[in-house]
Amino acid sequence: MVYTLEEHPIGFAATENNLALAYSERPLGDRSENLAEAARHYSQVLRVVTPTSCPSEFVKVITNCATACEAAGDYERAAAEFAQGIDVAEAYLAEGLETDNAVALRRVDSALYKCYTGVVRCDVQQ
């Protein structure tokens, strides 16, 4: 089965996320090119997983995307992605403290920490 964005958005996002993870860990080829490819696949996931549709998952994916960009040396894009992750995570945590989803809260809190430290690292590199 082929998952397309239009017909099977959830399957499409899952496939793109798996490709991103594979490229992030790919031992063959140029490391920077593999990471850039991973970032492209994460960007495709973000076409489905949005701050309004699933904020906790969005924060996780955008943090992974930013981390791949940073490792590939694209510090400007990484900083922008980390900043967006911070915005969504802070909004989610402000609202999420009133919910009962402890797992999502921990995941977002962890991603928020990664985003803050990532922004600092990217600022140093730029």
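The crossing of helix 1 and helix 2 is left-handed. A crossing is called left-handed if the near helix is turned anticlockwise from the far one by less than a right angle, and right-handed if clockwise. Helices (H or I, at least four residues) are DSSP runs, numbered from the N terminus.

This is a predicted model, where local features need pLDDT of at least 70, side-chain atom pairs count only at pLDDT 80 or more, and totals for chains, interfaces and linings use all residues. Residues are numbered from 1 along each chain as its sequence is written, and side-chain values use heavy atoms, with hydrogens and water left out.

**Exercise 1.** Find which helix has the lowest confidence and which has the highest.

*Solution.* Start with the scale. pLDDT is the predictor's confidence in each residue, from 0 to 100. The protein chain averages 92, and 96% of the residues score at least 70. Now go to the helices. Helix 5 (residues 102-125) is lowest, at a mean of 88. Helix 2 (residues 31-45) is highest, at 97.

**Exercise 2.** Work out how helix 1 and helix 2 are oriented: roughly parallel or roughly antiparallel?

*Solution.* Two packed helices are described by the angle between their axes and the distance between the axes. Axes are lines fitted to C-alpha atoms, for helices over the stretch in contact, and angles run from 0 to 180 degrees between N-to-C directions. Here the angle is about 165°, and the axes of helix 1 and helix 2 lie 8 Å apart. So helix 1 is roughly antiparallel to helix 2. The cut-offs: under 35 degrees is roughly parallel, over 145 roughly antiparallel, 65 to 115 roughly perpendicular, and the rest oblique.

Next, take the contact (heavy atoms within 4.5 Å). Helix 1 brings residues including Phe-12, Glu-16, Asn-17 and Ala-20. Helix 2 brings, among them, Arg-31, Ala-38, His-41 and Tyr-42. The residues of this contact between helix 1 and helix 2 divide into ten nonpolar, five polar and four charged. Ala, Val, Leu, Ile, Met, Phe, Trp, Tyr, Cys and Pro count as nonpolar, Asp, Glu, Lys and Arg as charged, and the others, Gly among them, as polar.

**Exercise 3.** List what Ala-20 and His-41 touch, leaving aside neighbours up to four places away in sequence.

*Solution.* Ala-20 is in contact with Ala-38, His-41 and Tyr-42. His-41 sits in helix 2 and is buried at 11%. His-41 touches Glu-16, Leu-19, Ala-20 and Tyr-23.

**Exercise 4.** Describe how helix 2 packs on helix 3.

*Solution.* Helix 3 covers residues 55-71. Helix 2 and helix 3 pack at about 160°, with axes 8 Å apart. They are therefore roughly antiparallel. Their crossing is left-handed. Contact residues include Leu-35 and Tyr-42 of helix 2, and Val-61 and Cys-65 of helix 3. Residues of the contact of helix 2 with helix 3 comprise ten nonpolar, two polar and no charged. Finally, Asn-17 touches Tyr-42, Val-45 and Val-61, not counting residues up to four places away in sequence.

Definitions and conventions. Helix = DSSP H or I, 4+ residues; strand = E, 2+ residues; numbered from the N terminus. Buried < 20%, exposed > 50% of the residue type's maximum accessible area, 1.4 Å probe, protein only.
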